[in-house]
Amino acid sequence: MPSPAAIAFEHVSKTYGGSARRVHALDDVSFEIAPGEFFGLLGPNGAGKTSLISILAGLSRPSRGRVRVLGHDVGEDYAAARRCLGIVPQELVFDPFFSVRETLRIQSGYFGVRGNDDWIDEVLAALGLADKAQANMRQLSGGMKRRVLVAQALVHRPPVIVLDEPTAGVDVELRQTLWQFVARLNREGHTVLLTTHYLEEAEALCGRLAMLKLGRVVALDRTSALLSAAAGSMLRFKTDAPLPEALRSRARVTGRIVQLAARDALEVESTLGTLRAAGIVPEDLEIGRADLEDVFLAIMRDAPAERVQ
Ligand SMILES: Nc1ncnc2c1ncn2[C@@H]1O[C@H](COP(=O)(O)OP(=O)(O)OP(=O)(O)O)[C@@H](O)[C@H]1O
Ligand SMILES: [Mg+2]
């Protein structure tokens, strides 16, 4: 028998609210993540990432469909599914009266794991929390609380690790330590599902990606395939002048910096020609490779802009 997927989403739909204020947060989401994958779930605010993870975690019920974790149905066999999962939630939730170590011991106890202080110490050290073990949760800064949430998710050494924007509001140093640690766990065989708005993190870490828009899967492929299927080149330059109509809709503009995707050398030439014809002299012109942010923006732009009703 083939081994079960680490995570299997099967036709998952989720509708919030009554008839008057109904939101179709997820619409027929199906995909599988194999054991050992480092998988990224991307999408703009409100796309449905946290809704999907809440259903995976058993915190909310799907309106339709089902989810399995290593073969365990989250609805029918919750305890077994939950034990396989370590979830770092997007929202900071914690009990302010316990110390960091107590918080982690309580979480271990919740999963029936005791006497794992060596592992707790290793997790604390890896996340730069060793000197905070005795501190009360309420004494920690926002970024440190997030580190504790990560530690909490890992205390029972779950085979499947789910991180919902673990690096939001986290400083550069911790991001690097966190990714080193999570990458190590992944190398040791843990499956990782990550959501993030930092697309350079997703590009560097995730072997495969799903992109959600308005509750629907609009892209699902290997990261390398998504990158190579997209425009090959990216023109970057500065200008104060308004772009001609023909370029405006496909430009990514950040202040004075303009980025324009081009599939091949011919399109690079024609883009430069359009600029020249409009009397625009691009400053600091560079031609580089398209990155995941370019791919993401192109996919989001081309996907349907209406939620299902
Ligand atoms: N408890 C709820 N009740 C009603 N609507 C909800 C609830 N939770 C989420 N939604 C709606 O469902 C949609 C998807 O939200 P969700 O939090 O899953 O998005 P997300 O992809 O995680 O976004 P973000 O990147 O901002 O975290 C949004 O339209 C949101 O307003
Ligand atoms: Mg979210």
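**Figure 1. Helix 1 gives the most residues to the shell around ligand 1, namely three.** The view is taken from a predicted model. In total, 13 residues surround ligand 1. Tyr-16, Ala-25, Asn-45, Thr-50 and Ser-51 are the closest of these. At least two residues of the shell come from each of strand 2 (23-33) and helix 1 (49-56). Sorted by class, the shell around ligand 1 comprises eight polar, four nonpolar and one charged residues.

**Figure 2. Helix 3 packs against helix 5 at an angle of about 30°.** Helix 3 spans residues 100-110 and helix 5 spans residues 142-154, and their axes are 9 Å apart. Because angles under 35 degrees count as roughly parallel, helix 3 and helix 5 are described as roughly parallel to each other. The crossing of helix 3 with helix 5 is right-handed.

**Figure 3. Residues of helix 3 and helix 5 meet where the two helices are in contact.** Helix 3 contributes Val-100, Thr-103, Leu-104 and Gln-107, while helix 5 contributes Val-148, Ala-151 and Gln-152. By class, this contact of helix 3 with helix 5 holds four nonpolar and three polar residues, with no charged residues.

**Figure 4. The chain is divided into domain 1 and domain 2.** Domain 1 covers residues 7-224, and domain 2 covers residues 231-289. Taken over C-alpha atoms, the centres of domain 1 and domain 2 are separated by 38 Å.

Note on methods
Residues are numbered from 1 along each chain as its sequence is written. Chains are lettered from A and ligands numbered from 1 in the order in which they are written. This is a predicted model: local features need pLDDT of at least 70, side-chain atom pairs count only at pLDDT 80 or more; totals for chains, interfaces and linings use all residues. Axes are lines fitted to C-alpha atoms, for helices over the stretch in contact, and angles run from 0 to 180 degrees between N-to-C directions. Helices (H or I, at least four residues) and strands (E, at least two) are DSSP runs, numbered from the N terminus. Angles under 35 degrees count as roughly parallel, over 145 as roughly antiparallel, 65 to 115 as roughly perpendicular and the rest as oblique. A crossing is left-handed if the near helix is turned anticlockwise from the far one by less than a right angle, and right-handed if clockwise. Two residues are in contact if their C-beta atoms, placed from the backbone, lie within 7 Å. Ala, Val, Leu, Ile, Met, Phe, Trp, Tyr, Cys and Pro count as nonpolar, Asp, Glu, Lys and Arg as charged, and the others, Gly among them, as polar. Domain bounds come from an automatic or database domain assignment. A residue is near a molecule or strand if its C-beta atom, placed from the backbone, lies within 6 Å of it.
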